[in-house]
Amino acid sequence: MEGCKTLGTKIKENSKQLVDTLTPIENLGTDFSIYKTKVSHWMEILFQYLGEGLSENVQTAEEKIKKWADSFGQRSSELEIPLDHALHFIFESRVIISQLLKEEFGTRSTNVNGAITASNRLNLLIDTAARSIVTHYTKFMHNTKKALQHTNRDLDISILELNNIRTALFEGTIFSVTDKDDRIIQVNDHFCELTQYTREELIGQDHGKIFYSGVHTDSFIHHIKQEIKAGRVWNGEICNKAKDGSLYWVDTTIVPFLDPEGVAYQHISIQYDVTEKKKTEEILLKSEKVSLIGDLAAGIAHEIRNPLTSIAGLVQLINESDQEKNTFFKDIILTEINRINFIVSELMVLAKPHAVYFSWFNIVESIQNVIDLMQPEANLRNVIISFEKEKDMPLVYGEKNQLTQVIINMIKNAMEALPDGGKISLSAAPVDGHVVLTVKDNGVGMTDEQQKRIGEPFYTTKCNGTGLGLMVCFKIIHNHGGTILVDSKQNEGTSFRITLPVHAASAVDPVHK
């Protein structure tokens with residue numbers, strides 16, 4: 001036994017040098033050095049435990065080697081070392097130590113029992129390490145197989161879900177896919193039906209050019225392209241042109257697909273035909289305009305009658321012999337004619353049909369023009385209108401005629417909430433990149449229930465109202481990316497707060513009509 005202890009001590013002390021003597025794996029070439037570098041520390045520990053098993057308590061060494069084998073097996077599998085390579089290192093340790101046994105006991109013919117004991121211990125410890133490694137790899141392969149099976153099932157489910165989503169998109173929407181250059185690479189049947197092109201005619205075409213309608217400004221189209229290029233989802237309504245030249249409107253969501261570098265390489269367009277909806281909205285806008293004109297008629301007729309009366313009287317007073325008075329009378333007549341022309345012009349803004357055309361304009365001027373237009377009716381109703389505005393107000397990008405209609409409707413509603421006269425206060429101010437317009441009255445106000453339903457079609461608190469006026473206003477502001485907030489108390493009054501996005505005058509060149 002003394003020889004075992006001596007040998008065991010020698011192995012522990014020289015474990016690092018023993019690792020250097022491991023025989024290379026055949027046909028592995030330079031890769032063996034890579035594997036050896038990964039396991040050299042582990043093999044050094046194994047030699048120390050083997051030395052401990054020969055020189056000290058073999059059971060203690062066996063337990064340590066079992067734990068070592070579990071850790072080594074896990075580490076080897078993580079490092080993608082094949083099982084046969086891992087076993088090669090373990091069995092090579094047996095060869096090296098067996099050679100040491102032979103050298104140690106070969107010169108001691110009387111110590112055969114010690115050599116047998118040492119050999120048995122070595123085989124026990126090596127076999128323990130090998131069995132543990134094989135067991136670990138078996139479990140690892142089993143778990144890997146189960147994981148792959150689960151992954152395959154998950155993939156099957158994912159593929160099924162993707163197919164279901166694809167079917168839903170193709171059957172329930174107007175669907176197209178375009179590449180980074182906006183060339184069409186895929187469309188569904190609904191897309192072909194709406195555009196009146198065949199699939200063969202569409203594939204490879206520039207999506208923006210083939211459906212160009214001329215309705216939208218260049219800045220609007222540029223904004224969409226920039227959003228997609230930046231990897232952001234865009235949603236809005238677009239007017240396109242079909243093959244026969246007819247126009248149609250689609251509610252569109254464009255979703256860009258990004259590569260690992262974050263660059264959009266293609267995008268899908270999911271659309272819904274809203275042409276009939278847009279026609280309905282246009283009819284509502286026109287009907288509301290007619291209603292507004294009727295409501296304003298009495299005040300406007302009174303306002304036009306006054307300057308006409310003045311003109312008629314001054315014409316009779318003109319005397320050819322008094323040129324100084326004639327000049328004075330002519331100046332008054334021209335002033336009154338300009339006043340009539342202004343009233344008629346503002347009325348025509350509401351009356352005449354016009355295309356929806358977004359442009360940059362001064363909202364303060366529009367509000368002041370509306371106040372001037374409605375002042376006669378305010379005088380008849382004993383209503384005082386005031387207007388406060390901040391200096392250097394930014395331009396608003398929007399449809400001027402529609403926003404003018406909103407302002408008229410708000411003031412008209414405020415007047416109707418003042419049956420016995422009162423005050424209407426308007427204000428305009430820039431707030432955090434927006435223009436905030438406020439229309440406030442001190443009239444009859446509304447209940448909480450009425451406030452909740454405000455803007456619903458055909459819901460009205462007036463005897464002869466349709467409930468469409470505010471609904472149209474809400475829709476117009478929503479289409480401009482703005483909001484309307486209502487605050488009202490019974491017998492105290494109502495306040496409408498309109499928030500619109502704005503752009504500084506120098507930010508972008510305005511688009512004029």
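A cavity here is a set of grid points where a 1.4 Å probe fits but cannot get out, and a residue lines the cavity if it has an atom within 4 Å of one of those points. Keep that in mind as you explore this predicted model.

**Stop 1**

Select Ile367, Ile407, Met410, Leu426, Ser427, Leu437, Thr438, Val439 and Ile498, and you will have the lining of the largest cavity on screen. Now color helix 14 (400–416), strand 9 (422–431) and strand 10 (434–441): these are the elements that each give two or more residues to that lining. Which of them gives the largest share of the lining? Strand 10 does, with three residues.

Seven of its residues are nonpolar, two are polar, and none is charged. The space inside comes to about 50 Å³. How many cavities of 30 Å³ or more does a search of the whole structure find? The search finds one.

**Stop 2**

Time to look at charged side chains. The model has eight salt bridges by the rule used here, and we will visit some of them. Start by selecting Lys66 and Glu63, whose closest N and O atoms are 4.0 Å apart in a salt bridge. Both residues sit in helix 4 (residues 58–78), three residues apart, or about one turn of the helix. Show the surface as well: Lys66 counts as partly exposed because its relative accessibility is 34%, and Glu63 is also partly exposed, at 43%.

**Stop 1: Asp181 and Lys180**

Move on to Asp181 and Lys180. Their side chains meet in a salt bridge, with 3.6 Å from N to O. Is Lys180 buried or exposed? At 59% relative accessibility, Lys180 counts as exposed. The cut-off for that class is over 50%, so Asp181, at 48%, counts as partly exposed.

**Stop 2**

For the last stop, select Lys243 and Glu201. This salt bridge has its closest N and O atoms 2.8 Å apart.

Terms used. Residues are numbered from 1 along each chain as its sequence is written. This is a predicted model: local features need pLDDT of at least 70, side-chain atom pairs count only at pLDDT 80 or more; totals for chains, interfaces and linings use all residues. Side-chain values use heavy atoms; hydrogens and water are left out. On a 1 Å grid over the protein atoms alone, a cavity is a set of points where a 1.4 Å probe fits but cannot get out, and a pocket is an open set with protein on both sides within 12 Å along at least five of seven lines; lining residues have an atom within 4 Å of a point. Grid points are joined across faces, edges and corners, and a volume is the space filled by probe spheres set on the points. Helices (H or I, at least four residues) and strands (E, at least two) are DSSP runs, numbered from the N terminus. Ala, Val, Leu, Ile, Met, Phe, Trp, Tyr, Cys and Pro count as nonpolar, Asp, Glu, Lys and Arg as charged, and the others, Gly among them, as polar. Buried means under 20% relative accessible area, exposed over 50%, partly exposed in between (1.4 Å probe, protein chains only).
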